[in-house]
Amino acid sequence: MAGRNEIRLAVLEGDGIGPEITGATVKVLKAAARRAGLGLRLKTAAIGWKAYRKNRSTLPDATLKTLKEHDGWIVGPTYAGEYPKDDPYRGHPNGYIRRHYKLFANVRPVQAWPQLNPLIPDVDVTVLRENTEGFYPDRNLAWGYGEFKPREDVGLSLRVITGEACDRFAKFCLDYAAALGEKRLAIVHKRTALPQTEGLFIGAFEKIRHRYRAIELELVRIDTFSSTFPREPRRYRLVATTNLFGDILSDQASGLAGGVGMAPSLNAGLDHAMAQAVHGTAPDIEGSQRANPSALILSTAMLLRWFYLRTKRRACRDAADLIERAVKDTILAGGTTPDLGGSASTDEFAKSVAAAMR
């Protein structure tokens with residue numbers, strides 16, 4: 001990185017509403033950086049349809065070079081499997097990014113917002129999801145694809161879990177819990193049905209738990225968690241689990257909180273991290289300035305906190321605090337986009353958030 005209080009970020013707009021919400025996010029980020037005294041260098045790069053039309057690839061070489069040169073990335077939503085068949089990344093550019101740059105931890109905080117009419121008004125949980133293995137066939141093999149059909153009426157899917165991936169993920173989760181000051185971490189599993197793979201996963205946490213004596217590990221079966229969480233949402237604050245379980249549980253929590261429209265996420269590794277909203281491209285409102293950029297804005301605040309944890313640069317933490325408070329204050333004041341009952345456009349919302357920083 002170029003300066004003591006400077007970070008360099010790549011911005012990839014994506015598809016559908018991606019250009020609108022990334023533009024709004026950059027406005028908010030620049031305002032927070034100015035207030036916090038954080039130097040900022042941004043570089044744009046293409047991903048998705050715009051990249052394919054020009055380069056016949058959803059991830060052209062120039063974009064990959066830009067990603068490599070920057071530690072942090074803000075990435076708008078992309079389509080999933082809807083690109084032409086000759087795309088070298090099989091229509092999943094984000095899957096390639098996660099795998100290639102070893103973004104092994106997916107952090108998904110879920111918080112209820114009154115404007116979304118949540119089923120449970122006090123949901124506040126963070127799901128930590130191992131992001132590179134498990135039942136996802138495009139991620140779990142170094143060469144090839146982990147799902148196949150030996151004959152027309154038989155389908156096979158491999159669940160690959162390795163000790164190396166579990167070890168780095170366990171350390172990340174416990175470090176994350178310690179940084180937040182959390183006293184308990186729930187390990188969600190299904191060891192009764194998958195003793196070998198879940199044994200590796202749970203064992204990675206148990207091997208190093210002596211280094212984190214202030215944090216209690218609670219082993220919870222996936223079926224038990226799914227049935228008790230809606231009845232006792234305050235019981236769980238921080239959850240760590242494998243890839244597929246984490247994907248499902250975070251969406252379950254988002255549903256109880258009112259939907260994924262406000263849900264941020266961070267894909268993090270040792271050297272790089274990617275801010276990306278949980279929601280999709282929403283092509284039905286593309287170009288209308290009706291999209292709510294909050295999820296990507298809050299994801300960017302998470303990215304700033306990742307930089308703070310790595311570098312201890314207070315300006316990164318201060319900028320993240322400014323963004324989170326300003327988003328909350330703007331929504332509570334009613335200056336929201338149509339999905340939350342307001343009339344503000346995407347850009348107007350971003351301007352209100354920037355103006356609310358204090």
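Me: In which sense do strand 1 and strand 3 pair, and over how many bridges?

Reply: In this predicted model, strand 1 (residues 6-12) runs parallel to strand 3, and four bridges hold the pairing.

Me: Which strand does strand 3 join through three bridges?

Reply: That neighbour is strand 12 (residues 273-275), again in the parallel sense. Here Ile 74 has Ala 275 of strand 12 as its bridge partner.

Me: Where do the side chains of strand 3 point, and are they buried or exposed?

Reply: The general idea is that side chains in a regular strand alternate between the two faces of the sheet. In strand 3 (residues 72-75), Gly 72 and Ile 74 point one way, while Trp 73 and Val 75 point the other way. All four of these residues are buried.

Me: In what order do the strands form the open sheet?

Reply: The sheet contains 10 strands in the order 2-1-3-12-11-4-5-10-8-9, with mixed pairing. Its edges are strand 2 (39-45) and strand 9 (216-221), each of which pairs on one side only. On average, neighbouring strands of this sheet are turned by 25° against each other, direction ignored.

Me: In which sense do strand 4 and strand 11 run?

Reply: Strand 4 (residues 105-111) and strand 11 (residues 266-268) are antiparallel and are joined by three bridges. Within strand 11, Ala 268 stands opposite Ala 105.

Me: Which strands does helix 1 lie across, and which does helix 5 lie across?

Reply: Helix 1 (residues 18-36) lies across strand 1, strand 2 and strand 3, at about 165° to strand 2. Helix 5 (residues 163-180) lies across strand 4, strand 5 (124-130), strand 8 (184-189), strand 9, strand 10 (238-241) and strand 11. The angle between helix 5 and strand 5 is about 160°.

Me: Which residues make the nonpolar surface patch?

Reply: Phe 148, Leu 156 and Leu 158 make this patch, which covers about 240 Å². Leu 156 belongs to strand 7 (residues 154-157). With a relative accessible area of 38%, Leu 156 is partly exposed.

Key: Residues numbered from 1 in each chain as written. Predicted model: local features only at pLDDT ≥ 70, side-chain atom pairs only at ≥ 80, totals over all residues. Heavy atoms only, no water. Buried < 20%, exposed > 50% of the residue type's maximum accessible area, 1.4 Å probe, protein only. Helix = DSSP H or I, 4+ residues; strand = E, 2+ residues; numbered from the N terminus. Pairing = 2+ DSSP bridges. Patch = residues over 30% accessible without salt bridge, like charges linked within 9 Å, V, L, I, M, F, W, Y side chains within 5 Å. Areas by Shrake-Rupley, 256 points an atom, 1.4 Å probe, with all protein chains shown as cover. Salt bridge = Lys/Arg side-chain N within 4 Å of Asp/Glu carboxyl O. Axes fitted to C-alpha atoms, helices over the stretch in contact; angles between N-to-C directions. Contact = heavy atoms within 4.5 Å.
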